[in-house]
Amino acid sequence: MVAREYDLIVIGAGAVGENVADYATKGGLTAVIVEAELVGGECSYWACMPSKGLLRAGAAVRAARAVDGAKQAVTGDVDPAGAFARRTVLTHNWDDTSQADWLASVDIDLVRGHAHFTGERAVTVSTPEGDVELTARHAVTVSTGSDPLMPDIPGLAGIDPWTSRNATSATEAPGSLAILGGGVVGCEMATAYASFGTKVTMIVRGDTLLAGQEPFAREAVQASLEKAGVSIRMGVEVTKAHRTESNAVLDLSDGSRVVAAQVLVATGRTPRTHGLGLEAIGLTSGAWLEVDDTLRVKGYDWLYATGDVNHRALLTHQGKYQARAAGDVIAARAAGRHVDDAKWGRHVASADHEVVPQVTFTDPEVASVGLTADAAGKTGRSIRVIDYDLSWIAGASAHADDYEGRARAVIDEDRQVLLGVTFVGPDVAEMIQAATIAIVAEVPLSRLWHAVPAYPTVNEVWLRFLETYGREESA
Ligand SMILES: Cc1cc2nc3c(=O)[nH]c(=O)nc-3n(C[C@H](O)[C@H](O)[C@H](O)COP(=O)(O)OP(=O)(O)OC[C@H]3O[C@@H](n4cnc5c(N)ncnc54)[C@H](O)[C@@H]3O)c2cc1C
């Protein structure tokens, strides 16, 4: 048995945990990070990077096909083998050496093994060489992420369905794939596998894909998936599942059946807090960890939770934002320095509440930040909604023939600032940061008139938003 003491213990070396340790170390603390699988976590190996890797080939082919002069150069379909190979390069073939080397280079100790709490500020790591007992002088941060949620459907576990991990690490495309769930993961994987020639069926319990997005965004993605040959079954649930020699068979609540070579379960996430010994510190195993805006677990002065596990915004960039705040505030509190915990202060994750940017890499892409019109209306604010057809913009017609896209701005009428923006169209992902800045900085619409978009870019939509709103009204 080995025993060591650090200022900070971070459990989980995903993108989020790495950043907590990095910022705390930069703030003068000693830190150890514990990792049970791969340094870099879900995003690097089974989520963001491989999924975007699988989607990129289809997107590149579609982009070329949308431009006369380029489309003639596209002589075949997407090559799944090439896409899988490129994905494997992006995941470093599931080898975390470079990320582990980076930890060492910034003086963060790494212990490989499964961590569990044994008491206040006390964590034991089970490693093949024996237990390592860690004690934290100041804080412990839980950054253990989330797992795919497996719905309790009779027979489902028995058919050995794919989770997002299998879908992003597969080495060949199945002939047919049934996807349970119509959220981001379901829609992105439907887009990727349809581009590989897989016959995809989506089974969606609700009445829409991408719930939570603007209705026009959901409709555009649904229409394009259907155009790509994806069959979408809405308002039905799987009631039981079994496997024949060659296929999975799913019985649906409307009495029909879906038969597919493989099944992907993409029905949400569950906190990765089982087996973490949370009972030893008075918390519930398997529960999300509720935190305040400084990422401190409610009711504790030494325990923090960042990233997916706190259930605030299950996105890498948002988790890393929390991590920067947490690393800084842990260092500040340890040193007795001022804690800047006012709204938009350095030590809080204020943007988690209403200004979360997100891109869904479907065809078309959906890039959104802030509140939808529906969500903004429910806050009781006086709002105005400006919609604009992106195809009317000169930059859009230069970008692609028959460009289709749409944008919406949600405006707080009383304060004359933006509350939310959604772009739907080809390659709109890169446009969302401007909207994020405008919302976080609460830029008055009258000042936005002076933020001139370059011609001819699709960003001229900003000018169109303002013109539609009216110069006098925003003065
Ligand atoms: C298919 C898919 C695609 C996605 N695409 C995007 C995207 O494009 N953009 C985006 O922003 N987000 C995306 N996400 C979400 C993103 O992956 C997560 O928000 C992010 O990975 C969360 O990071 P984290 O560090 O909190 O958790 P993780 O990355 O899961 O890291 C947690 C780490 O903790 C370790 N761990 C857990 N328990 C223990 C323990 N007891 N002891 C030691 N180690 C432990 C795990 O092994 C893991 O490495 C996607 C998710 C999925 C499923």
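Me: Where in the structure is Thr127 found?
Reply: Thr127 belongs to strand E5, which covers residues 122-127. Keep in mind as we chat that this is a predicted model.

Me: Why does Thr127 count as buried?
Reply: Its relative accessibility is 13%. Buried means under 20%, so Thr127 counts as buried.

Me: Which residues is Thr127 in contact with, leaving aside neighbours within four places in sequence?
Reply: Those are Val111, Arg112 and Val132.

Me: What joins the side chains of Thr306 and Ser143?
Reply: A polar contact of 2.8 Å does. The limit for such a pair of N or O atoms is within 3.5 Å. Ser143 is also among the residues that Thr306 touches, a list including Val16, Val20, Leu295 and Gln322.

Me: How far apart are Thr306 and Gly319 in sequence and in space?
Reply: They are 13 residues apart in sequence, and their C-alpha atoms are 6.2 Å apart in space.

Me: On to helix H4. Which of its residues are buried?
Reply: In H4, residues 80-90, the buried ones are Ala83, Phe84 and Arg87.

Me: How do you know that they line one face of the helix?
Reply: Looking down the axis of H4, the buried residues fall within an arc of 100 degrees, so they line one face. They pack against H3, helix H6 (164-169) and helix H7 (184-195). On the face turned away from that buried side, you will find the exposed residues Ala81 and Val89.

Me: Why is His92 called partly exposed?
Reply: Its relative accessible area is 47%. Buried is under 20% and exposed is over 50%, with partly exposed in between, so His92 is partly exposed. By the same cut-offs, His311 is partly exposed at 44%. Phi of His311 is positive too, near 65 degrees.

Me: What makes the peptide bond from Asp363 to Pro364 cis?
Reply: That bond has omega near 0 degrees. Pro364 lies in the loop between strand E17 (358-360) and strand E18 (365-370). The bond from Tyr455 to Pro456 is cis as well, with omega near -5 degrees. Most peptide bonds are trans.

Me: Finally, the ligand. Which of the residues around it come nearest?
Reply: Of the 34 residues around the ligand, those are Glu35, Glu42, Lys52, Asp308 and Thr316. A polar backbone atom of Thr316 is 2.9 Å from an oxygen atom of the ligand. Taken alone the ligand exposes 1000 Å², and the protein buries 93% of that.

Methods. Residues numbered from 1 in each chain as written. Predicted model: local features only at pLDDT ≥ 70, side-chain atom pairs only at ≥ 80, totals over all residues. Heavy atoms only, no water. Near = heavy atom within 4 Å. Polar contact = N/O pair within 3.5 Å; in protein donor to acceptor, adjacent residues only side chain to side chain. Areas by Shrake-Rupley, 256 points an atom, 1.4 Å probe, with all protein chains shown as cover. Buried < 20%, exposed > 50% of the residue type's maximum accessible area, 1.4 Å probe, protein only. Helix = DSSP H or I, 4+ residues; strand = E, 2+ residues; numbered from the N terminus. Arc of directions from axis to C-beta. Contact = heavy atoms within 4.5 Å.
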